[in-house]
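We will go stop by stop.

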Amino acid sequence: MPNNNSTQNPSFRFTFVANVNNQIDFNEIFYNVLAFIPFGIYTSMLKPNWSFLKKIAVLVGVSLLFEGLQLIFAIGASDITDFMGNTLGGIMGVGVYIVFCKLFSTKANKILNVLASIGTICIVALLLLLIYLRISGVIIYKVS
């Protein structure tokens, strides 16, 4: 079993922790959580009558889909911390929706629309920045 917690075959890259230089990369976990909070809010806004568990099941399914696609198409590296971070972020988003509904009953959807839109715009801007940096050569991926 390799020390870096990944499989031997480089075309099948799945790691069990966000491991950089033998240390857990908490920034990556934080960013995954942050990215999925708006998704949890959107899910709750679109399906307010669904049970909490049904909403979580959708969040878990989408997170698994993302990680599976990363694995299949060798885009980045799939790891369990991404899955857990994505799911936790979605759960936090559902929680934010519940709290806002209790605090601002009639105006909750308007407030959350604005906040979720701002969050989504920030995530899209970050992705576009990362794509630009990758294309311009500032970010270089090293395959070991």
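The tour below covers confidence, a nonpolar core and a pocket.

This is a predicted model, where local features need pLDDT of at least 70, side-chain atom pairs count only at pLDDT 80 or more, and totals for chains, interfaces and linings use all residues. Residues are numbered from 1 along each chain as its sequence is written, and side-chain values use heavy atoms, without hydrogens and water.

**Stop 1: confidence.** Colour by pLDDT, the predictor's confidence in each residue, from 0 to 100. The chain's mean is 80, and 78% of its residues reach 70 or more. Select strand β1 (residues 14-15): its mean pLDDT, 45, is the lowest among the elements, while α3 has the highest, 91. Helices (H or I, at least four residues) and strands (E, at least two) are DSSP runs, numbered from the N terminus. Now select residues 1-16, where the pLDDT is below 50. Where pLDDT is low, the predicted coordinates should not be read in detail.

**Stop 2: the core.** Select V33, I37, I41, M45, Y97, F100, A108, L112 and A116, the largest nonpolar core. Such a core is a set of buried Ala, Val, Leu, Ile, Met, Phe, Trp, Tyr and Cys residues joined through side-chain atoms within 4.5 Å; buried means under 20% relative accessible area (1.4 Å probe, protein chains only). α1 gives the most, 4 residues.

**Stop 3: I41.** What does I41 touch? Leaving out residues up to four places away in sequence, I41 touches G93, V94, V96, Y97, L112 and A116, with heavy atoms within 4.5 Å.

**Stop 4: a pocket.** Select L34, P38 and C122, which are among the residues lining the second largest pocket. A pocket is an open set of points on a 1 Å grid over the protein atoms alone, where a 1.4 Å probe fits, with protein on both sides within 12 Å along at least five of seven lines; lining residues have an atom within 4 Å of a point. α4 gives the most to this lining, 6 residues.

Key
Buried means under 20% relative accessible area, exposed over 50%, partly exposed in between (1.4 Å probe, protein chains only).
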